[in-house]
Amino acid sequence: MLPRLLYRMTTEISPRLLFKAGHLWVFKGDRAMRAYRKRLKRGELFPPFLFLALTNACNLRCNGCWIQAGEAPRHLPLDDVHRLIEAGKRQKAYFYTLLGGEPMLYPQLWEIVEAHPECYFQIITNGMFFDAASVEQVRRLGNITPLVSIDGFAPENDARRGRGTFEAAVEGIERLRKAKLLFGVATTVTGRNLDEVTADEYVRYFIDRGAMYLWYYVFRPVGPAPSPEFCVDREKMLTLRRRLLALRRRHPIILIDTYWNAAGEAVCPAAQGLGFHIGPGGSIEPCPPLSFACENLADHEGDLFRTIDGSRFLRGFQQFVSERTRGCVILEHPQELARFIEESGAADHSGRDALAEIAASPPRSSHHLPGEEMPEDYWVYRFLKRKLFFGMGGYG
Ligand code: SF4
């Protein structure tokens, strides 16, 4: 698979963009991880990667989404974004995942990317806004990789994301491919689409359309309509893990999961302090589906390192998780999690009553599969996971 992947990379991506990705994403990602490990040894808390929810505005209303798009959209102020990235750079954090809502609806999106050419940005988008002008911006700037969300072929995808969204997203990625850009596809695995999205045919479809990486997320039943019927149970989680290992050997595309380390043990990125989520109001939250915070970007006169390092909530969350599971506490321990959040005095920034939603959720299994761990059996992934994989801003 590796020679074919390298061949694809060198023939399908513009050399300038490939070089930028190698330098800003991979090389600096490695440096960010080294700096993070050193901080851990000193007992300091600051992640190597950060998620920025630039806006809660979105043109879609996907099933199972936790974003509450209000009448008047909230945007993270541009000055705050710049300050945050500057603070991140001081800690050698150069990779930022920009999400929303729909980040392409953030008015100054390109300004952010342009102002920080030494950083690399991943834009998680529904792919509907790649017209000629925005594709040209991505190409010109070069320090961006779009990650387009698609959750199965048209019938399955459109059932969750809305009619016509598959076709529109595929049209978007077709434009990215023609411009020789580096992009990926993000697929949320549900109990319903598991077979479809882990089939060779699905992976091949996106290889043929130029995607260099396919990023698998697992559905979380959160939000105003949690849709528990989409949950992935333990048996299906084992199937997902098994299929991922097999697909990785077969296809010239990078298949990413942020759920298991090289030994096949479960990982919660937030509990390890690998990445935190900044909400559109500046709240500093453990991860995208957990919109609770005690701190804000404005705290400590904008000194982000001091704010995160001194956060009793984020540190308490790490402790809370480590005492219970290697997996996802949202799924496994919802009631205890709700109590922990309440006792921490964290504010709910979801725009809903997310605390009540979590408290009402029954415990479920997650990607923590004790006794049935499956280590990475392909050296490329073992190497990448040890070095980088959990450092790319992913959340479990
Ligand atoms: S495993 Fe759960 S709690 Fe941890 S980062 Fe992922 S979604 Fe958040």
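Analyst: Lys 385 lies in helix 16, which spans residues 379–387. The model is a predicted one. Is Lys 385 buried or exposed? Lys 385 has 22 C-beta neighbours inside 10 Å. The cut-off for a buried residue is 20 or more, so Lys 385 counts as buried. Leaving out residues up to four places away in sequence, Lys 385 touches Asn 261, Ala 262 and Glu 376. Asp 257 is 128 residues from Lys 385 along the chain. Even so, the C-alpha atoms of Lys 385 and Asp 257 are separated by 9.6 Å.

Take contacts between residues at least 6 apart in sequence: 75% of them join residues at least 24 apart. A contrasting pair is Pro 117 and Phe 340. They are 223 residues apart along the chain, and their C-alpha atoms are separated by 40 Å. Pro 117 sits in the loop between helix 4 (109–115) and strand 3 (120–125). Pro 117 is exposed, with 12 other C-beta atoms within 10 Å.

Now the whole chain. The secondary structure comes to 16 helices and 11 strands. The radius of gyration is 19 Å, close to the 21 Å that the globule rule gives for 396 residues, so the chain is as compact as a globular protein of that length. Along the principal axes, the C-alpha atoms fill a box of roughly 55 × 45 × 45 Å. Of the 396 residues, 49% are buried.

Next, the core. In soluble globular proteins, nonpolar side chains tend to be buried together. Here the largest nonpolar core holds 109 residues. Within this core, Leu 52, Phe 183 and Ile 278 touch the most other members. Helix 2 (residues 15–42) supplies the largest share of the core, 7 residues. What does Phe 183 contact beyond its neighbours within four places in sequence? Its partners are Thr 145, Pro 146, Leu 147, Val 148, Ile 173, Leu 176, Ala 211 and Met 212.

Helix 12 (residues 312–322) has a one-sided pattern of burial. Its buried residues are Phe 313, Leu 314, Phe 317, Phe 320 and Val 321. Seen down the axis of helix 12, these residues fall within an arc of 120 degrees, so they line one face. An α-helix has 3.6 residues a turn, so residues three or four places apart point the same way.

Helix 6 (residues 154–161) can be read in the same way. The buried residues of helix 6 are Asn 157, Arg 160 and Arg 161. Seen down the axis of helix 6, they fall within an arc of 85 degrees, so they line one face of the helix. These buried residues pack against helix 7. How do the two helices cross? Helix 6 and helix 7 (residues 165–178) pack at an angle of about 105 degrees, with their axes 8 Å apart. That makes helix 6 roughly perpendicular to helix 7. Helix 6 brings Ala 154, Asn 157, Asp 158 and Arg 161 to the contact. Helix 7 brings Thr 165, Phe 166 and Glu 167. Just after helix 6, Gly 162 takes a positive phi of about 115 degrees.

Last, the backbone. Most residues other than glycine have a negative phi, and most peptide bonds are trans. Lys 180 is not a glycine, yet it has a positive phi of about 60 degrees. Lys 180 lies in the loop between helix 7 and strand 5 (184–189). With 16 other C-beta atoms within 10 Å, Lys 180 is partly exposed. His 300 is not a glycine either, and its phi is positive at about 50 degrees. His 300 is placed in the loop between strand 10 and helix 11. His 300 is partly exposed, with 15 other C-beta atoms within 10 Å. The peptide bond from Gly 100 to Gly 101 is cis, with omega near 15 degrees. Gly 101 belongs to the loop between strand 2 (95–99) and helix 4.

How values were computed
Residues numbered from 1 in each chain as written. Predicted model: local features only at pLDDT ≥ 70, side-chain atom pairs only at ≥ 80, totals over all residues. Core = buried A, V, L, I, M, F, W, Y, C linked by C-beta atoms within 7 Å. Helix = DSSP H or I, 4+ residues; strand = E, 2+ residues; numbered from the N terminus. Contact = placed C-beta atoms within 7 Å. Arc of directions from axis to C-beta. Rg over C-alpha atoms; globule rule 2.2 N^0.38 Å. Axes fitted to C-alpha atoms, helices over the stretch in contact; angles between N-to-C directions. Parallel < 35°, antiparallel > 145°, perpendicular 65-115°, else oblique.
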